[in-house]
Amino acid sequence: MPDDVQGWLTPRAVAAEAGVSQEFDLSQCVREPIHLLGGVQSYGALIAARWDDAVVDTVSRNAAEVLDRAAGELLGRPVTELIGDEQWAQARESAEAVTDYGAAAPQEGPASSGVLPLTLDGEDHEGQGGSRLFDVTVHRNGDLLVLEFEPRAEGGPFVFQNFYPRVRRALQQLQGATDVTECCATAVREIRTLTGYDRVVAYRFDGRDGPGQVIAEDRSEGREPWLDLWFPASDIPPQARRLYARNWIRVIGDVDDRTVGLVPERRADTGQPLDLSASVLRTVSGYHLEYLRNIGVASSMSVSLLHEGELWGLIACHGDEPRRLSPEARGACEFFGIALSLQLAAVAGREEADELARNRRALAAVLARLTSGAPDDLMRPGSGLAELLDADGAVLLRGTETLTAGAPLPDALSGLLAQLAQDGSVGEVWSSDRLPEVLGLEPEEAEAEGIPAGLLLLPFNRDGDLLAWWRREQPAPREWAADPSRPVRTGPGGERLTPRGSAAVYRATVRGRSAPWSPAQRVVAGELWREVSGLLTRQVVALEARNTELARTNEDLDSFAHAAAHDLKEPLRGISNAAAFIVEDAGTVLDATSLRRLTTVRRLAERMDGLLDSLLHFSRLGQVGLEREALSVDEVLDDALVVAGGRLAEQGVTLVRPAALPRLRADRERLREVLENLLVNAAKYAADEGAGERRVWVEAVRVAAPGRAPEEDGGGGADGGTVTALVVRDNGIGIPPGQQADVLQLFRRLHRRDERGGGSGVGLAVVKRIVERHGGRLWLESPAAAPDADCGGGPGTAVWFTLEEPPEARP
């Protein structure tokens with residue numbers, strides 16, 4: 001089965017086909033070229049003549065019966081020998097007055113044809129001379145002019161003014177209708193009055209290739225009702241829908257009519273039968289005739305209903321007896337179908353305009369809640385964002401940030417959004433009310449995976465930033481005129497298509513769909529997207545400006561700190577030296593109080609000199625570039641122990657290295673400084689004597705990006721992968737949680753200056769700055785349990801930090 005056929009047939013239809021006896025193949029019906037069946041209905045005759053020279057190219061085999069000229073006599077001869085030069089000119093003029101049916105685009109747009117009366121001279125069937133009147137429908141088919149002859153019906157010529165009052169009344173009734181259902185109810189009633197058919201229904205399709213529902217009906221007494229019944233999509237295959245979109249009207253005079261073939265059967269230039277897409281006499285598919293016979297129909301007419309060039313539905317007329325409609329009556333019904341399509345479009349447009357006005361008022365209320373001018377306000381509780389589109393939830397994805405409104409975002413949907421956004425166009429609405437079908441999932445599978453049925457999204461860019469709404473499944477119970485799981489069944493006497501009707505209603509629930517997204521909702525979503533996009537753009541511009549200003553300010557502060565520290569050291573040394581000279585020169589004559597004060601001046605000057613050295617070093621960290629390289633952390637730790645090892649030994653602290661440390665990408669000197677500071681701190685704040693063995697551990701742990709502590713998510717990568725964090729952990733006195741942020745600030749100590757080995761309070765601030773310059777993150781944990789259950793000591797402190805990994809070291 002070809003892919004285009006397989007894609008159109010539902011899995012259930014294919015399965016049903018496989019279970020049908022007598023080898024019925026539904027795909028044959030789908031593939032049938034119904035515009036190339038090579039025949040016409042027998043009540044009329046067809047002649048196709050070349051446009052330029054009027055030579056007959058194709059003629060129906062019943063020409064002798066209808067036109068009293070055998071097909072062989074006409075073929076290859078000028079058609080003017082039959083109708084005369086004047087009537088040939090009239091036929092050409094009539095065809096030129098309507099849209100050409102060009103060979104270059106034979107399937108585009110509704111076909112157009114003209115009707116004119118023609119007179120043929122000759123003998124009638126009783127051998128009597130005289131003229132015979134025909135109604136001839138003409139249309140252009142590439143290089144051919146197609147003429148379809150229908151004998152004028154008895155009762156005299158058509159008088160439009162006698163017919164017009166009924167058409168005018170029908171149009172007036174139609175104009176007064178206020179909604180789609182009322183329009184269609186008026187239409188079926190008036191068309192039945194105009195034509196006399198026994199049943200007339202309005203049939204609306206559920207999407208371009210979906211099933212159809214009878215939404216209005218007018219029928220003769222005793223016929224079973226079809227109102228509200230659904231009919232499987234296989235009843236009207238795709239090629240039939242394309243022809244309905246090409247022709248406003250299609251009439252079948254008698255389902256038992258014998259098809260009349262064409263001469264020649266195939267054209268020499270194409271190798272195909274004459275294309276009869278725009279023909280009013282075109283013969284009928286055997287599948288469709290069988291279908292009509294099985295529902296007790298002897299004649300039928302279909303009037304197409306189009307919306308924006310697409311087939312929206314049909315007015316279907318059924319007769320209990322064979323019935324021919326004159327070209328004028330067909331023209332009136334065609335005109336009524338066009339008027340109904342326009343009225344339906346007007347009603348839909350009015351309903352859409354009303355809905356759009358309501359939604360825009362709701363949108364204005366939503367935008368009014370943007371108090372800070374930031375899109376984040378849209379996602380606050382009570383913002384009304386989800387309710388704006390009658391959705392269950394809404395989501396804003398921006399970078400690594402996911403903001404939701406309404407119901408929580410289904411886990412299964414979060415992974416799909418970025419991919420769907422990449423497949424769409426930036427700023428264009430993408431929506432579906434049957435997402436499981438788009439993803440190739442059965443409704444039960446989608447439900448099990450937590451995938452919603454409806455989704456509407458607008459991508460902001462190709463990076464995955466987007467605004468989206470989603471809806472849960474809304475199972476829809478339907479009453480079918482045939483079992484939707486078995487659209488094809490073997491009927492009595494070997495018929496392949498079974499009767500349909502309310503006597504055999506099947507109740508089935510359609511799953512995997514949400515409420516459809518209306519055009520007005522799509523428009524409002526686009527308008528909100530433009531507002532949010534503007535906010536994001538302004539936010540980015542403002543952020544860039546703030547970052548630029550902040551970088552300038554930081555640079556100024558670094559320069560100031562460096563200059564201040566450097567320039568203040570010289571007078572400070574002068575103060576210290578002056579105090580020393582005074583003590584040295586006049587120490588014997590000064591009293592004890594003065595000597596003590598001068599000694600304090602020298603001590604404070606020395607302390608100030610140390611602070612300035614620390615400030616100078618801190619400021620240089622922001623000015624000196626990093627020389628990154630892939631290096632072994634074990635080697636850098638060994639270098640750090642050259643300085644810090646003595647302090648650890650003095651305090652009796654044992655260094656523990658549980659496993660080899662990884663390779664990371666960093667500045668070697670700066671990383672050494674980080675490890676030195678952390679090891680010295682561990683020595684300073686070791687547990688008091690008698691508390692147990694003092695230890696410090698240095699190890700590497702995989703944590704969730706961008707560097708959260710392992711216990712925050714179990715060390716997993718829930719937010720997009722993991723990174724390696726280094727941790728220096730001790731079992732010392734610990735840091736109370738409320739003071740952990742303080743110790744990372746410049747010149748902040750939790751003890752007096754002369755306690756715990758002294759110091760300026762710069763060490764952890766320097767460590768934090770170095771880590772952040774590497775693009776990493778630093779955080780503290782305390783109290784923390786020591787790795788060994790019998791380690792003793794205090795509650796301890798763990799200092800975690802992340803650095804960049806070289807590509808070859810990443811898992």
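The side chains of E629 and R668 meet in a salt bridge, with an N to O distance of 3.7 Å; the term denotes a side-chain nitrogen of Lys or Arg within 4 Å of a carboxyl oxygen of Asp or Glu. This pair links distant parts of the chain, as E629 belongs to strand 21 (residues 628–632) and R668 to helix 19 (residues 668–684), 39 residues apart. Helices (H or I, at least four residues) and strands (E, at least two) are DSSP runs numbered from the N terminus. E629 is partly exposed at a relative accessible area of 34%, and R668 is partly exposed at 24%. Buried stands for under 20% relative accessible area, exposed for over 50%, and partly exposed for values in between (1.4 Å probe, protein chains only).

The model is predicted, local features need pLDDT of at least 70 and side-chain atom pairs pLDDT 80 or more, while totals for chains, interfaces and linings use all residues. Residues are numbered from 1 along each chain as its sequence is written, and side-chain values use heavy atoms, with hydrogens and water left out.

The secondary structure of the protein chain consists of 21 helices and 27 strands. Of its 811 residues, 47% count as buried. Among contacts (heavy atoms within 4.5 Å) with a separation of 6 or more, 70% are accounted for by residues 24 or more positions apart. The chain exposes about 38,800 Å², 50% of which is supplied by carbon and sulfur atoms; accessible areas come from the Shrake-Rupley method with a 1.4 Å probe, and for residues only the protein chains shown count as cover.

A search of the whole structure finds 32 salt bridges. One of them joins the side chains of R330 and E150 at 2.7 Å, N to O. Here R330 in helix 11 and E150 in strand 6 (residues 144–151) are 180 residues apart, and the pair links distant parts of the chain. R330 is buried, with a relative accessible area of 5%, and E150 is also buried, at 1%. R657 forms a salt bridge with D638, the closest N and O atoms being 2.9 Å apart. R657 lies in the loop between strand 22 (653–656) and strand 23 (663–667) and D638 in helix 18 (residues 633–650), so this bridge ties together parts that are 19 residues apart in sequence. R657 is partly exposed at 32% relative accessible area, as is D638 at 39%.

Helix 9 (residues 238–246) is largely enclosed by the rest of the structure, because eight of its nine residues are buried. The buried residues are P238, Q239, A240, R241, L243, Y244, A245 and R246.

The largest pocket has a volume of about 1,700 Å³. On a 1 Å grid over the protein atoms alone, a pocket is an open set of points, where a 1.4 Å probe fits, with protein on both sides within 12 Å along at least five of seven lines; lining residues have an atom within 4 Å of a point. Grid points are joined across faces, edges and corners, and the volume is the space filled by probe spheres set on the points. The lining comprises 37 residues, of which G207, W312, P516, W517 and P519 lie nearest the centre of the pocket. Elements that each supply at least two lining residues include strand 7 (199–205), strand 13 (310–319) and helix 16 (519–586). Helix 11 provides the largest share, seven residues. The lining divides into 15 nonpolar, nine polar and 13 charged residues; Ala, Val, Leu, Ile, Met, Phe, Trp, Tyr, Cys and Pro count as nonpolar, Asp, Glu, Lys and Arg as charged, and the others, Gly among them, as polar.
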